[in-house]
Structures are given as structure tokens and as C-alpha cells.
Amino acid sequence: MYRSKITGLGKYVPENIVTNDDLSKLMDTNDAWIQERTGIKERRHIKKGDGNSTAVMGVKAAQIAIERAKINKDEIELIVFATLSPDYYFPGCGVQVQDLLGLPTIPAIDIRNQCSGFVYALSVADQYIKTGMYKNVLVIGSENQSGGLDLTTRGRSVSVIFGDGAGAVVVSRSENDNQGILSTHMHSEGVHAKELALIGPNTGHWVPLLIEESATVKDEDITYYPYMNGQFVFKNAVTRFSEVILEGLAKNDMNKEDIDMLIPHQANLRISQFVQKKFGLSNDQVFNNIQKYGNTTAASIPIALTEAWEEGKIKEGDNVVLAAFGSGFTWASAVIKW
Ligand code: ACO
């Protein structure tokens with residue numbers, strides 16, 4: 001068995017900054033409500049015509065990660081792409097990345113696990129490297145949330161939270177057995193699938209998408225915008241985050257004092273603060289950037305990991321824990337010796 005490690009990281013966010021005040025011009029909301037409930041000050045939205053899409057942003061983040069990994073792009077043997085907002089219904093964004101990066105005809109796997117998507121994707125990469133099948137895997141989390149949000153008062157409890165962006169890592173075979181991804185842990189609980197979901201249009205249920213037609217649709221029939229049972233999600237998130245972090249620590253004979261850096265999925269600053277308090281971690285041991293980017297779902301952990309690393313907050317030998325919870329419900333963690 002081999003060990004895998006992250007050898008390169010990159011992020012990309014669109015230039016267009018959307019502040020809470022900007023949103024209050026589109027819907028009945030305000031900066032104080034959003035900051036108090038979520039900690040978010042601003043987020044990025046793709047601007048029509050700026051050339052960005054989920055796949056394109058993923059490619060931009062990936063190019064930086066590949067350069068930092070100091071490998072030739074042709075050395076990548078597998079792409080794993082996590083998103084809930086793909087450019088096409090099918091095929092997934094992975095094959096677009098293969099094309100846009102000009103890679104050989106390597107396999108591309110798409111992961112549909114929303115906020116846990118990046119940790120799930122990392123786990124897939126880790127398994128392929130552990131078994132010796134591949135040496136370099138490109139893992140991307142990218143989201144174009146803004147294209148699918150209800151930016152009216154009707155959608156305000158969901159749409160103020162989410163933002164666009166991408167993060168990527170190169171995962172490579174580690175030469176040092178004591179360094180790299182120590183373990184990954186994943187869970188799902190589909191009984192709660194509809195508590196945080198975008199149900200349709202889907203192959204069994206097409207709803208009117210034209211504005212003239214949708215004007216006649218009742219609010220409860222609108223399934224093409226995300227629905228979130230906010231308080232139920234919040235309660236489950238704090239429990240599952242804690243459980244899956246403890247599971248990762250136990251697997252590696254660590255306890256909470258051993259965590260040098262916790263990168264939680266940037267769901268909501270209040271969720272991260274709850275977890276931080278529960279584990280007795282200092283501000284230096286938890287990285288948050290939701291204030292600037294909102295919740296970028298599958299992109300949030302790789303964006304945060306990249307920023308923490310760029311700011312020198314992750315050093316060689318550190319114990320880094322990634323933890324995520326989201327739609328599905330799904331939740332996951334990874335314990336890494338950096
Ligand atoms: N601006 C102003 N008022 C609003 C807004 C808004 N954007 N959204 C909702 N309100 C109103 C509601 O209509 C409600 O009004 P009412 O009392 O007159 O009915 C009031 O504010 C309170 O609404 P609640 O939904 O009860 O507010 P709550 O305190 O639960 O906060 C929130 C909502 C922030 C969504 C919270 O439930 C939460 O953070 N949940 C977790 C959600 C989350 O983190 N999701 C992401 C994790 S999973 C993933 O990443 C996919």
C-alpha cells in the first residue's frame with residue numbers, strides 16, 4: 001500500500017463581488033440579518049459574459065495546483081470533479097476539464113455529494129493512489145451557484161448563503177510513508193435527502209421554466225430552486241461535523257489537542273464556531289473564509305485549504321483535518337499529516 005499526499009493547491013473565484021447590500025437591492029434582506037445568521041459579508045457571482053462556468057473555474061484552479069505540484073499536466077492520470085452545479089445535465093464537468101486542459105484520454109469521475117463532494121473526491125483519489133493504480137490525481141471542487149439561485153425575496157433564506165468559486169488539489173504518491181492523507185471517512189443518510197435539495201426539473205418531473213408559465217406555478221410546486229430546511233440542517237450539521245471529526249481522530253490515535261488546523265466546509269460561520277467551541281480550538285486552529293466567499297459547497301474546502309496554505313497557516317508536519325456536511329445528507333472528514 002502506498003500513501004498519498006497533496007502536492008499542489010489552487011483556487012479561483014470570479015472577480016464580481018456581491019455584497020449583502022447588493023443583495024438587499026434584489027430582495028428583502030439586509031447586511032445585519034445575513035452577518036448575524038451566517039457571518040457572510042460578501043460572495044462572488046459569475047458575471048454574464050465573463051467566460052466562467054463550473055468547468056472553466058475548475059480548470060483555472062487546477063492550472064495553479066498543477067504548477068505548484070511541479071508536475072507536467074500530462075502526468076495526471078485521473079480527474080475527480082465534485083460539484084452540485086455542473087455545466088451540463090450530462091456529461092459531467094470532469095470530461096470538460098480533460099478537454100480544456102488538453103490532457104490525454106485519461107478517465108474523469110464526477111462526484112455528486114454537494115458540500116461533502118470535495119472530501120468524497122479526495123477519498124476516491126486517495127484510494128486509487130493507495131492501491132498503486134495511479135501516481136497523480138487531479139481533484140477539483142467547483143460551483144456556479146449564482147446561476148441557479150432564486151434571487152428574489154422568495155428565495156432569500158437560501159440565496160444569501162451561496163457563492164461561486166473553485167478549488168483544486170493534485171494528489172500524488174508520497175515518497176514518505178509518514179506524510180500525507182492518513183484516513184478518510186464518509187457517511188450518508190438519504191432519509192433527509194429532501195431537507196436540502198434541488199429536486200427538478202428531473203427526468204420524471206418537468207416543471208415550466210418559462211417566466212410566463214412559471215407565473216402560474218404555485219410556490220410549493222417550484223422545484224428548480226434549492227430548498228433548505230435551515231434549522232434542521234443546522235442541527236444535523238453541528239452533530240455530524242463533530243462525529244466525523246472524532247471518527248477521524250480516533251482512527252489515527254489522536255485527540256482534539258493534536259489538531260493543528262481544522263478546515264471545516266464553509267457552510268455557515270455559526271456552524272464552524274459551534275464546532276470550534278465544542279472542540280476547544282483556538283482561532284489559529286480553525287480556518288474560515290466564508291465571510292468573503294459565502295458557501296461555495298464543493299469548492300469551499302479546497303478554496304479554504306489553499307488560502308490557509310498560502311497564508312502560511314499550514315506547515316510541514318501539521319495535523320490537518322478537513323470536515324464537511326451537506327445535502328444528502330452526507331458528511332465526511334479527512335485527516336492529513338502535512
Ligand atoms: N433576510 C432577511 N430575513 C430573512 C432572510 C434573509 N435573507 N431569510 C429568511 N428571513 C426571515 C424569515 O422569513 C423569518 O421571518 P419570520 O420570522 O417573519 O418568518 C426569519 O428571517 C427567521 O428565519 P429562519 O429561517 O427561522 O432563520 P434562522 O435563524 O433559522 O436562520 C439560516 C436561517 C441562516 C438559513 C439558518 O437556519 C442556518 O444557517 N441553517 C443552516 C444552513 C446552512 O448552513 N446550510 C448550508 C449547510 S449545507 C450546505 O452547505 C449545502
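**Where domain 1 meets domain 2**

Three salt bridges cross the interface of domain 1 and domain 2, each a side-chain nitrogen of Lys or Arg within 4 Å of a carboxyl oxygen of Asp or Glu. Glu310 and Lys11 form a salt bridge through their side chains, at 3.5 Å from N to O. This is a predicted model, with pLDDT of at least 70 required for local features and 80 or more for side-chain atom pairs, while totals for chains, interfaces and linings use all residues. Residues are numbered from 1 along each chain as its sequence is written, and side-chain values use heavy atoms, without hydrogens and water.

Domain 1 covers 3–174 of the protein chain, and domain 2 covers 180–193 + 226–337. These bounds come from an automatic or database domain assignment. The domain centres, taken over C-alpha atoms, lie 17 Å apart. Domain 1 brings 51 residues to the contact and domain 2 brings 44; contact means heavy atoms within 4.5 Å.

The two domains bury about 3700 Å² between them, 65% of it on carbon and sulfur atoms. Buried area is the accessible area (1.4 Å probe) that two parts lose on being put together, summed over both. In domain 1, Lys11, Cys115 and Val119 lose the most area to domain 2. Together they make up 17% of what that side buries.

Which element gives the most to the side of domain 1 that touches domain 2? It is α5, with seven residues. Helices (H or I, at least four residues) and strands (E, at least two) are DSSP runs, numbered from the N terminus.
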